[in-house]
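Okay, everyone, thanks for coming.

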Amino acid sequence: MTNPLKQAPTHVKLAVDLIMLLEQHDVAPEEVLKALEFVKSDFEKKLVNN
């Protein structure tokens, strides 16, 4: 049987990696959501500036 993650789009693989990293470091969900808002804003600015 093949691993479905190997066939997944890059953004799904990245999301899974980030979830695993955050769970391994036992980061509180509230802190994760705050951090993700910051990350999203930062990358949206990068899209505009490119």
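Start with D42, which makes a salt bridge with K46, their closest N and O atoms sitting 3.3 Å apart. By salt bridge I mean a side-chain nitrogen of Lys or Arg within 4 Å of a carboxyl oxygen of Asp or Glu. Side chains of opposite charge can pair when their charged atoms come close.

Quick caveat: this is a predicted model, where local features need pLDDT of at least 70, side-chain atom pairs count only at pLDDT 80 or more, and totals for chains, interfaces and linings use all residues. Residues are numbered from 1 along each chain as its sequence is written, and side-chain values use heavy atoms, with hydrogens and water left out.

Where do D42 and K46 lie? Both are in helix α3, 4 residues apart, or about one turn of the helix. Helices here are DSSP runs of H or I with at least four residues, numbered from the N terminus.

How many salt bridges does the structure hold? There are 3. Another one joins K40 and E44, at 3.4 Å from N to O. Those two are 4 residues apart in helix α3, so about one helical turn separates them.

Then there's K34 with E31, at 4.0 Å, N to O. They are 3 residues apart in helix α3, which covers residues 29-49.

Now, accessibility: buried is under 20% relative accessible area, exposed is over 50%, and partly exposed is in between (1.4 Å probe, protein chains only). K34 has 54%, so it counts as exposed, while E31 is partly exposed at 45%. D42, at 30%, is partly exposed, and K46 is partly exposed at 40%.
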